[in-house]
Amino acid sequence: MAFLWLESTFHNSQPLNKKQDCLVTFVHWKLLSNGYLVLHSKQGLNVEDAERKEVLPENWNSEAVYELQYVKNGEQHLLKAVIVDGELVFTVMRVKDEKVATLVLDTDRWIGENFQSFNEAYKEKVTLDNFVQKELVDPFVEKVSSKPSGTSTIIIDERPQSTSTGAPSYPSASSFPDPFAVGGGDLNPLGRGLGGGGMLMDPRHMGRRPPLGIPGNLPPGAVPPGARFDPFGPIGNIPPIRGPRPSGGGFGDPFFDHLPPPGSHDMFM
């Protein structure tokens, strides 16, 4: 990983009197890399009137507590670092909303004994860089959303659905009516599938399919399923047209058994 301008920042921050100065210099460089500029003015001065620079202000490490001011995109940030039992506690606060980020660094872990030499000052620069970025910089990075608030996104998936074998599934041809299948119902008398039957037509069931079964009250299984069958009687149980023969010798339609058989008048039969 390239640490651009870290060495020049290190030398421009001289004199470095203690190990903690090297850690503050590293954090200062990281803020510069993310677009921050340090203010050379006393706290409380208007940000617009303060002088903004990349180098640390004069006498920045002369006190026991480090206090620096930064600005980014017109927003002021305050950096404070306090030495506590061999550790350096960093606190960064954004002034407009008082949002705070903190980071605690062990001085001896990150800074070598020969800290005044740039090549020997920092240990594990990559890991240190990641810590500072995550804990002190990223909390103030605004997450920009391209979708306006109050709106929703509808995603329409037009890809064909996959079957259990992984192959795409398309609508079958039987899902759509065939405009050229006029009269095809005569080949499907029982109305199986999407179309209705055309041969077996029951005036009592207009507008709906006739019930599945065999006319003439034949027992189930008398005709194989799907076989073409020409009915020999009306569909369903149609009541007889004529009423029953009245008892007691009334008038009514004669029974065929009461009539003489055909040709009975022929004596030679």
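1. Buried means under 20% relative accessible area, exposed over 50%, and partly exposed in between (1.4 Å probe, protein chains only). Helices (H or I, at least four residues) and strands (E, at least two) are DSSP runs, numbered from the N terminus.

2. This is a predicted model: local features need pLDDT of at least 70, side-chain atom pairs count only at pLDDT 80 or more, and totals for chains, interfaces and linings use all residues. Residues are numbered from 1 along each chain as its sequence is written, and side-chain values use heavy atoms, with hydrogens and water left out.

3. Thr25 lies in helix 2. Thr25 counts as buried because its relative accessibility is 0%. Beyond neighbours within four places in sequence, Thr25 is in contact (heavy atoms within 4.5 Å) with Thr9, Phe10, Ser13, Leu16, Trp60 and Tyr122.

4. Six strands make an open, antiparallel sheet, ordered 2-1-3-4-5-6. Strand 2 (52–53) and strand 6 are at the edges; each has a single partner strand, so one side of each lacks a neighbour in the sheet. Pairing requires at least two DSSP bridges between two strands. Strand 1 (residues 37–39) pairs with strand 2 over two bridges. Val38 has Lys53 in strand 2 as its bridge partner.

5. Val84 belongs to strand 4 (residues 75–84). Val84 is partly exposed, at 38% relative accessible area.
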